[in-house]
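Visitor: I would like to go through this structure by asking about its residues one at a time. Where shall we begin?

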Amino acid sequence: MNYYIVIPSHNEEALISLTLQSLVEQTVLPTKIVVVNDNSTDKTEDVVNSFVSKYPFISLVNKTSDAIHLPGSKVIQAFQKGLETLDENYDFIVKADADLIFPNNYFETIIKHFLSDERIGMAGGFCYIEKNGEWILENLTDKDHIRGALKAYRKETFKQIGGLKPEMGWDTVDELLCKFYNWKVVTDENLHVKHLKPTGANYNKTARYKQGEAFYSLGYGFWITTIASLKLAMMKKKPLLFIDYIKGFWKAKSSKKPLLVTDEQAKFIRNYRLQKMKEKLF
C-alpha cells in the first residue's frame with residue numbers, strides 16, 4: 001500500500017528532525033512526505049531541507065499565516081496546503097504532528113490493519129508523554145479515539161467525509177462521520193508513539209473557549225456538551241476549564257455559528273454519543 005504523510009509544522013527546529021528520522025527508518029517507507037513550514041521564525045526550514053536533500057520522497061512547502069496558535073484552524077489550513085501539492089496515487093493519507101517519534105514498525109502495522117478489513121477507514125496508535133523519566137499514556141481521550149497528532153485515513157474514507165475541517169473539533173468530527181458512513185475506526189494499543197510536547201502546550205487564552213464552540217459545531221446540544229466538558233476538564237485535571245467550555249458553547253450558539261455537519265449527521269452524532277454514555281453507565 002502507498003501512503004503519503006503531511007506534517008504541518010511551526011517553529012519545530014528542536015524536534016522535527018526526530019520525527020523525520022523515525023519516518024525514514026520505517027520498515028515500510030512512505031511514498032511521499034510533505035512538511036508544511038507554517039510561518040516558522042526559527043530554523044525549521046533548514047532542518048527539513050537537510051532531509052529533503054537526502055531523501056527524494058520528502059518535500060517542503062512554505063506557508064505564511066497568522067502567528068497565533070489556535071487549535072484546529074491553523075494546523076488544518078497548513079495540512080491543506082501540503083495536500084494540494086500531492087497527487088492521488090495513495091491508498092491512505094496521514095496527518096502527523098512534527099513532535100512525534102514513531103516506532104519503526106508503525107506504518108507496517110497500520111497497513112496490516114487496512115488490509116485486514118476493507119471497511120476500516122481510519123487507524124492509529126497511542127501517544128505517550130515523558131513524565132519523571134518514564135513514557136506514560138497521554139490519557140486525554142477514550143481508547144477508541146485516534147489522536148489528532150497521528151491520523152491515518154483510507155483514501156475512500158477521506159474523500160467521503162469531505163477531508164478535514166479547518167476548525168477545532170476536526171479530529172472528532174472525522175471519526176463521527178466515519179461512523180455515520182459505516183466505516184470502522186481502529187486503534188492499536190501496541191503502537192506507542194512518543195509525543196514530545198504535551199497537547200495544548202502552546203495554546204493561548206484566546207483558545208480557551210474554542211473547545212465549547214467545537215462541541216456546539218459538532219451538533220452535540222447542551223446536555224451532551226455539559227457531560228463532555230466535565231469529563232474533559234477532569235481528564236486535564238483543570239476543573240475550571242469546564243466553565244470556559246460551557247461559555248464557549250453558549251457563545252457559539254448565540255452567534256448562530258454554522259455546524260460542521262448536516263442536521264442529519266448532527267442527529268446521528270447525538271444518538272451515537274448518548275449510546276456511548278449509556279454503555280459506560282450500565
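Guide: This is a predicted model. We can start with F51, whose relative accessibility is 6%.

Visitor: Is F51 buried or exposed?

Guide: A residue counts as buried under 20% relative accessible area. F51 has a relative accessibility of 6%, so F51 is buried.

Visitor: Which residue has its charged end over the ring of F51?

Guide: A Lys charge sits over a ring if its NZ is within 6 Å of the ring centre and within 35 degrees of the ring normal. Here the charged end lies 5.6 Å from the centre of the F51 ring, and the residue is K54.

Visitor: R119 lies over the face of which residue?

Guide: R119 is found 3.8 Å from a ring centre. That ring belongs to W183.

Visitor: How many aromatic pairs are there?

Guide: Two rings pair if their centres lie within 6.5 Å. The count of aromatic pairs by this rule is 20.

Visitor: Why is the pair of Y3 and F107 stacked?

Guide: Planes under 30 degrees apart count as stacked. The ring centres of Y3 and F107 are 4.7 Å apart, and the pair is stacked because the angle between the planes is 25°.

Visitor: How many residues apart are Y3 and F107?

Guide: Y3 is in strand β1 (residues 3–9), while F107 is in helix α4 (residues 106–116).

Visitor: Which helices do the buried residues of α8 pack against?

Guide: Helix α8 covers residues 222–235. Its buried residues include I224, A228 and L232. These buried residues of α8 pack against α7 (210–217), α9 and α10.

Visitor: Which residues does Q265 touch, leaving out those up to four places away in sequence?

Guide: Q265 lies in helix α10 (residues 263–281) and counts as buried at 8% relative accessibility. With residues up to four places away in sequence not counted, Q265 touches L177, F180 and Y181.

Visitor: Is K256 buried or exposed?

Guide: K256 is in the loop between α9 (241–254) and α10. A residue is exposed over 50% relative accessible area. The value for K256 is 68%, so K256 is exposed.

Conventions: Residues are numbered from 1 along each chain as its sequence is written. This is a predicted model: local features need pLDDT of at least 70, side-chain atom pairs count only at pLDDT 80 or more; totals for chains, interfaces and linings use all residues. Side-chain values use heavy atoms; hydrogens and water are left out. Helices (H or I, at least four residues) and strands (E, at least two) are DSSP runs, numbered from the N terminus. Buried means under 20% relative accessible area, exposed over 50%, partly exposed in between (1.4 Å probe, protein chains only). Contact means heavy atoms within 4.5 Å. The expected span of a helix is 1.5 Å times one less than its number of residues. Rings of Phe, Tyr and Trp (its six-membered ring) pair if their centres lie within 6.5 Å; planes under 30 degrees apart count as stacked, over 60 as edge-to-face and the rest as tilted.
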